[in-house]
Amino acid sequence: MAGYYRWKSFEENEDRPEKPRRYGVTEMRGPRYSVLSHNVLQEIFDSMGQFVDGLKFSGGSNSLIPKSLIKQAIEMAHEHDVYVSTGDWAEHMLRSGPSSFKDYVEECKELGFDTIEINASVLEIPEETLLRYVRLIKKGGLRAKPMFAVKFNKSDIPGKKNRAFGSYVVPEPRSSEYVEDIDLLIRKAERCLEAGADTIMIDADDVCKYADSLRGDIIAKVIGRLGIEKTMFEASDAKLAEWFIKRYGPNVNLYVDHSQIMDLECLRGRHLGKDHKSVLSSSYFLF
């Protein structure tokens with residue numbers, strides 16, 4: 001298939017491997033925000049399958065789609081060496097108890113899923129219980145991907161408006177949302193990796209929005225402690241993806257929308273993108 005992508009030229013010093021990749025992974029958002037039909041998925045894999053490493057059924061969409069269609073989508077993905085993740089639906093199964101979660105793992109394996117994601121940020125369970133679920137997924141022969149959300153008080157972000165020196169600024173109200181210590185979050189993620197987790201998903205959307213002004217240190221600490229190969233970041237828009245590539249290079253693992261695949265690959269290859277002279281200008285016209 002590589003012959004179809006002669007236009008793609010990497011820098012000589014780029015060490016991003018071919019599929020299956022351990023780093024430089026691009027995971028694509030599946031059905032949720034838009035309807036991805038069988039034909040659309042086939043077109044994406046046929047045209048950009050070389051650049052897609054994973055497909056995620058986000059938001060529990062797999063629970064609403066007939067099993068026959070799920071199997072077809074998974075088989076199609078596997079034909080293009082694309083792994084398939086359940087997304088963050090497992091936490092709903094966990095509320096019914098450990099036995100139901102075990103059945104869920106077995107059903108996911110039967111359908112052909114490769115990875116089960118656990119949204120640890122919304123689960124009100126002890127840390128040891130979370131580790132037990134990670135081991136249960138691994139015992140079932142699947143990859144485990146715990147997801148953690150980085151949260152902080154938005155009042156910690158300095159205002160963007162210009163003001164005269166010494167003038168009074170009305171302080172932003174403190175958020176009532178629970179703010180977890182980043183070191184504690186990283187320690188939980190480290191223990192999940194020790195228990196057998198394959199990847200740690202980081203939902204850092206709020207952090208990335210303010211990264212240039214203050215909170216880029218949080219991302220740096222996560223990568224510094226967990227390693228770039230074991231972490232994946234959700235890039236909810238093209239600007240976030242470009243922010244990650246500029247700071248951490250082409251080998252950072254990103255979870256993006258299907259409409260961002262081509263632009264993201266341009267960024268990984270020759271640091272091209274919407275703010276540069278891209279060979280494609282924009283890939284959004286494809287969809």
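Asp-81 sits in the loop between helix H2 (67-79) and strand E3 (83-85), where helices (H or I, at least four residues) and strands (E, at least two) are DSSP runs numbered from the N terminus. Asp-81 is not a glycine, yet its phi is positive, about 55°. The model is a predicted one, in which local features need pLDDT of at least 70, side-chain atom pairs count only at pLDDT 80 or more, and totals for chains, interfaces and linings use all residues. Residues are numbered from 1 along each chain as its sequence is written, and side-chain values use heavy atoms, with hydrogens and water left out.

Pro-20 belongs to the segment before strand E1 (26-29). As background, most residues other than glycine have a negative phi, and most peptide bonds are trans.

| Residue | Relative accessibility | Class |
|---|---|---|
| Asp-81 | 55% | exposed |
| Ser-85 | 0% | buried |
| Cys-192 | 0% | buried |
| Cys-266 | 4% | buried |

Ser-85 is part of strand E3. Leaving aside residues up to four places away in sequence, Ser-85 touches Leu-55, Lys-56, Phe-57, Phe-113, Thr-115, Glu-117 and Lys-145, a contact being heavy atoms within 4.5 Å.

Cys-192 brings us to a helix pair. Helix H5 (residues 127-139) packs against helix H6 (residues 182-194) at an angle of about 35°, and their axes are 9 Å apart. The contact draws on Glu-127, Glu-128, Leu-130, Leu-131 and Val-134 from H5, and on Lys-188, Arg-191 and Cys-192 from H6. Sorted by class, there are 4 nonpolar and 4 charged residues in this contact, and no polar ones. In that count, Ala, Val, Leu, Ile, Met, Phe, Trp, Tyr, Cys and Pro are nonpolar, Asp, Glu, Lys and Arg are charged, and the others, Gly among them, are polar. The axes are lines fitted to C-alpha atoms, for helices over the stretch in contact, and angles run from 0 to 180 degrees between N-to-C directions.

As for the whole protein, the secondary structure comprises 10 helices and 8 strands. Of its 287 residues, 50% count as buried. Among contacts between residues at least 6 apart in sequence, 76% join residues at least 24 apart. The structure holds 0 disulfides, a disulfide being a pair of cysteine sulfur atoms within 2.5 Å.

Note on methods. Buried means under 20% relative accessible area, exposed over 50%, partly exposed in between (1.4 Å probe, protein chains only).
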